[in-house]
Amino acid sequence: MARRERWHRSDRSGALRAAVFGVNDGLVSNASLVMGFAGAGAARTAVLFAGVAGLLAGAFSMAAGEYVSVRSQRESYEREIALEAEELREDPEGEAEELALIYRAKGMPAEEAERVAATIIKNPDTALETMAREELGLDPEELGSPWSAAVSSLFAFALGALVVVLPFLFGGGTAALVTAVVLAAAALFTVGAVLGLVNGKAPLRGGARQLLVGGGAAIIVYGIGHVIGHGAV
């Protein structure tokens, strides 16, 4: 079934989710940071330093946050499964009754539900996996990998943040700023379009929405930087 219906597969490690959020956050946050400095009229070196600093700080912050988040979630799930394993050891008959009730609630005839539940409970490993899925709503094989999420988030954020930094590595002034804006806009639209395709939505709509939200944030920060940089406040 997994081979035939690949769309049912989930992100077991949490890496895909972290990568998606990472590249999006890298784009929006660093684009806004760089635009703010550019709007203030800062020198090329200042804009470049701000962009690199934002890239590094954001990437490691995202990685640390994802690691702690996924690790805490995994430990919580593992504790629930451990408690379920203890219940299976201490009261297998009671757990068999619970499982039978779950199957009956799904429409299985009472006698068949009791027979199936009794068969499953006889095997400790199968019983624990089944109870984790049916009672707790957890898949023991999909609890998330904190390291995968952290590494994926770090590199994804860095990739997104690098887009607006690249032009200032090779030049400055209006040309670098315009190039950064074009690259950021293209990247935002691409990310939104890809997310739309993954979620079964229209890619153009997803790209436009992402561009509107991310671009809007960058424009606002650019305006604030312009006002501050030119001594209006």
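A helix here is a DSSP run of H or I at least four residues long, numbered from the N terminus. The model in these views is predicted.

**View 1. Gln 210 sits in helix 8.** Helix 8 covers residues 203-229. Gln 210 has a relative accessible area of 15%. Buried means under 20%, so Gln 210 counts as buried. Which residues does Gln 210 contact, leaving aside neighbours within four places in sequence? They are Asn 24, Leu 188, Val 191, Gly 192 and Gly 215.

View 2. Several residues of helix 8 are buried: Gly 206, Gly 207, Gln 210, Gly 214, Gly 215, Ala 218 and Gly 225. An α-helix has 3.6 residues a turn, so residues three or four places apart point the same way.

**View 3. Arg 209 is another residue of helix 8.** Is Arg 209 buried or exposed? Arg 209 counts as exposed, at 58% relative accessibility. The cut-off for exposed is over 50%. Phe 189 is 20 residues away from Arg 209 along the chain. The C-alpha atoms of Arg 209 and Phe 189 are separated by 8.0 Å.

**View 4. Thr 130 lies in helix 5.** This helix runs over residues 124-134. Thr 130 is buried, and its relative accessible area is 13%. What does Thr 130 touch, not counting residues up to four places away in sequence? The partners are Leu 99, Tyr 103, Ile 120 and Glu 135.

**View 5. Asp 125 also belongs to helix 5.** Asp 125 is exposed, with a relative accessible area of 62%. Thr 130, in helix 5 as well, is buried. How far apart are the C-alpha atoms of Asp 125 and Ser 76? They are separated by 20 Å, and the two residues are 49 residues apart along the chain.

**View 6. Phe 37 is part of helix 1.** Helix 1 takes in residues 15-39. Phe 37 counts as partly exposed, with 33% relative accessibility. That value falls between the cut-offs of 20% and 50%. Phe 37 touches Ala 42, Ala 46, Val 47 and Ala 50, with residues up to four places away in sequence not counted. Val 151 is 114 residues from Phe 37 in sequence. In space, Phe 37 and Val 151 are 29 Å apart, C-alpha to C-alpha.

**View 7. The whole chain sets the close-ups in context.** The chain has eight helices and zero strands. From the N terminus on, the elements run α-α-α-α-α-α-α-α. The radius of gyration is 25 Å, well over the 17 Å that the globule rule gives for 233 residues, so the chain is more spread out than a compact globule. Along its principal axes, the C-alpha trace spans about 80 × 35 × 35 Å. Of the 233 residues, 36% count as buried. Contacts between residues at least 6 apart in sequence were also sorted by separation, and 71% of them join residues at least 24 apart.

View 8. The accessible surface of the chain comes to about 13,700 Å². Carbon and sulfur atoms make up 63% of that surface. The chain carries 19 positive and 26 negative side chains. How far apart are the centres of the two sets? They lie 13 Å apart.

Notes: Residues numbered from 1 in each chain as written. Predicted model: local features only at pLDDT ≥ 70, side-chain atom pairs only at ≥ 80, totals over all residues. Heavy atoms only, no water. Helix = DSSP H or I, 4+ residues; strand = E, 2+ residues; numbered from the N terminus. Expected span 1.5 Å × (residues − 1). Buried < 20%, exposed > 50% of the residue type's maximum accessible area, 1.4 Å probe, protein only. Rg over C-alpha atoms; globule rule 2.2 N^0.38 Å. Contact = heavy atoms within 4.5 Å. Areas by Shrake-Rupley, 256 points an atom, 1.4 Å probe, with all protein chains shown as cover. Lys, Arg positive; Asp, Glu negative; His and termini not counted. Charge placed at Lys NZ, Arg CZ, Asp CG, Glu CD.
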